[in-house]
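Hello,

Here is the structure we spoke about. Please look it over first, then read the notes below.

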Amino acid sequence: MTKIVPPGGPRSGAPDETCGPGSVRGSDYAVLSRQVKRAGLLARRPGYYWVKAATNLLFLAAGWTAFVLIGPSWWQFAVAAFLAAAFTQTAFLGHDAGHQHTVLFWVLAPAQAVGFLLLQQGLFGLYLGCSFAPNHKGMPIFGRDHGSDFLRRQVLTARNIRGGRINDFVLGGLNYQIEHHLFPSMPRPNLRRAQALVRAFCARNDIAYRETPLTGSYADVLRHLHAVGGPLRPELEY
């Protein structure tokens with residue numbers, strides 16, 4: 001059972017064992033933030049992002065090259081699925097390549113162009129939505145007047161997704177939602193390393209840290225939607 005810690009936490013104001021005997025720490029978030037900074041996890045990673053951007057551009061180029069070479073064919077639906085993934089990966093970097101859809105009617109027959117557009121945009125939206133959906137739905141919601149501090153507000157209202165480096169790629173770093181919300185400027189490749197610090201800090205301070213497999217997160221979401229939708233469902237008559 002998830003344990004919700006009272007606002008302020010059980011150890012707020014206690015000496016920080018990582019800063020030496022008797023030293024007085026600030027808020028829990030300030031202590032955690034110092035640990036993260038000392039580990040160098042907030043340093044910029046331009047090399048990573050240049051490589052990521054170049055890789056995404058290559059994926060897009062490969063997809064559109066295949067699109068042109070294949071020409072009018074129902075095999076273009078495979079290209080549409082590939083480009084849906086490539087567009088989502090690009091969206092993770094803040095790019096928008098959707099303007100290229102006018103290209104469709106230059107290459108494909110009208111029915112094929114419409115089918116391509118519907119499939120590519122549908123899978124693009126599904127992929128992007130499935131990347132965001134597991135992170136907060138079904139987790140506690142705190143109002144503005146809730147007395148929790150910043151650290152607990154971010155940790156207790158989000159969940160992380162297990163799965164290793166495959167999920168790191170597929171979910172674009174959104175699988176480290178807790179760390180991302182605590183340190184939004186942290187470069188994506190550092191989130192995995194920051195997770196170990198954050199998770200250990202939460203364990204020491206008795207702060208519930210939620211982490212589930214991807215399928216488990218969707219199960220949580222469905223259970224939550226079923227529960228909140230209960231009052232709207234008419235009672236079954238037997």
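Tyr-29 is partly exposed, its relative accessible area being 22%. Here, buried means under 20% relative accessible area, exposed over 50%, and partly exposed in between, with a 1.4 Å probe and protein chains only. Phe-150 is also partly exposed, at 38% relative accessibility.

This is a predicted model, in which local features need pLDDT of at least 70 and side-chain atom pairs count only at pLDDT 80 or more, while totals for chains, interfaces and linings use all residues. Residues are numbered from 1 along each chain as its sequence is written, and side-chain values use heavy atoms, leaving out hydrogens and water.

**Aromatic pairs**

Nine aromatic pairs turn up in a search of the whole structure. In one of them, the ring centres of Tyr-29 and Phe-150 are 4.7 Å apart and the planes stand at 75°, so this pair is edge-to-face. Rings of Phe, Tyr and Trp (its six-membered ring) pair if their centres lie within 6.5 Å; planes under 30 degrees apart are stacked, over 60 edge-to-face, and the rest tilted. Tyr-29 is in helix α1 (residues 28–38) and Phe-150 in helix α6 (residues 150–156), 121 residues apart, so the pair links distant parts of the chain. Helices (H or I, at least four residues) are DSSP runs, numbered from the N terminus.

Trp-74 and Phe-77 also pair edge-to-face, with 5.6 Å from centre to centre and 85° between the planes. Trp-74 is exposed at 54%, whereas Phe-77 is partly exposed at 31%.

Regards

Terms used. Helix = DSSP H or I, 4+ residues; strand = E, 2+ residues; numbered from the N terminus.
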